[in-house]
Amino acid sequence: MRRITLSNGKIVEVQCLSCALTGGLIEPDGGVVLETEYFHAHQDVAYPIKGLIILASKRHIKCLDELTEEEKLDYIKVLTKIRKAQRDTLGIESVYYFYNEDTTHHFHTWMVPRYEWMYEFGRSVESVRPALLHARHEMNNAKNIKEVMDAIDALKNELNK
Ligand SMILES: [Zn+2]
């Protein structure tokens, strides 16, 4: 079991954070952005970046090659749908995608929008971690959190209409 401190200060004990989120045990701040039979999309607001979405499988698996045929199809469809919504509602021109198979959670893909301010941390993938940490430590203010929440609502509306 892992102890996880939620953004509201509450501490929960879970086997796997992704299971807790996709199973509805923990409600992500801002709510569920999109849910399908096999996948669950939400924002981790611990990284307050507008339009940053985490797409997690509902099944507790670690690796891409564990996806079933149905899950594979759903994955690329959902990923594409969210990508288009990021462009159409938030004007996001570029997105970085990454997932790691040695996660302590389970299969989830980060969709990190690339913004101008991130160039301060470098040109490409090496800037992702510093940019995420910058957001967590320096952008955790009421004004930016409001923008992040508004972006979540805009994506939700677009994706569930
Ligand atoms: Zn899990």
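The dialogue below walks through how to read some features of this predicted model.

Biologist: Before we look at any feature, what are the ground rules for numbering and for pLDDT?

Modeller: Residues are numbered from 1 along each chain as its sequence is written. Since the model is predicted, local features need pLDDT of at least 70 and side-chain atom pairs count only at pLDDT 80 or more, while totals for chains, interfaces and linings use all residues.

Biologist: How many helices and strands does the protein have, and in what order do they run?

Modeller: Helices (H or I, at least four residues) and strands (E, at least two) are DSSP runs, numbered from the N terminus. Here there are 4 helices and 7 strands, and from the N terminus on the order is β-β-α-β-β-β-α-β-β-α-α. The radius of gyration, taken over C-alpha atoms, is compared with a globule rule of 2.2 Å times the number of residues to the power 0.38. For this protein the radius of gyration is 15 Å, close to the 15 Å that the rule gives for 161 residues, so the protein is as compact as a globular protein of that length. The C-alpha trace spans about 40 × 35 × 35 Å along its principal axes.

Biologist: What share of the residues is buried?

Modeller: A residue is buried if 20 or more other C-beta atoms lie within 10 Å of its own, exposed if 12 or fewer, and partly exposed in between, with C-beta atoms placed from the backbone. By that count, buried residues make up 27% of the 161 residues.

Biologist: Which class does Val 14 fall into, and which residues does Val 14 touch?

Modeller: Val 14, which sits in strand β2 (residues 11-14), has 17 C-beta neighbours inside 10 Å and therefore counts as partly exposed. Two residues are in contact if their C-beta atoms, placed from the backbone, lie within 7 Å. Leaving aside residues up to four places away in sequence, Val 14 touches Met 1, Arg 2, Ile 4, Cys 19, Ala 20 and Leu 25.

Biologist: How should I read the packing of α2 and α4?

Modeller: Two packed helices are described by the angle between their axes and the distance between the axes. Axes are lines fitted to C-alpha atoms, for helices over the stretch in contact, and angles run from 0 to 180 degrees between N-to-C directions. The axes of helix α2 (residues 69-90) and helix α4 (residues 142-159) come within 9 Å and cross at roughly 120°. That makes α2 oblique to α4, given that angles under 35 degrees count as roughly parallel, over 145 as roughly antiparallel, 65 to 115 as roughly perpendicular and the rest as oblique.

Biologist: Which residues of α2 and α4 meet?

Modeller: Lys 81, Ile 82, Ala 85, Asp 88, Thr 89 and Leu 90 in α2 meet Ala 151, Ala 154, Leu 155, Glu 158 and Leu 159 in α4. By class, this contact has 7 nonpolar, 1 polar and 3 charged residues, where Ala, Val, Leu, Ile, Met, Phe, Trp, Tyr, Cys and Pro count as nonpolar, Asp, Glu, Lys and Arg as charged, and the others, Gly among them, as polar. Asp 88, in helix α2, counts as exposed, with 12 C-beta neighbours inside 10 Å.
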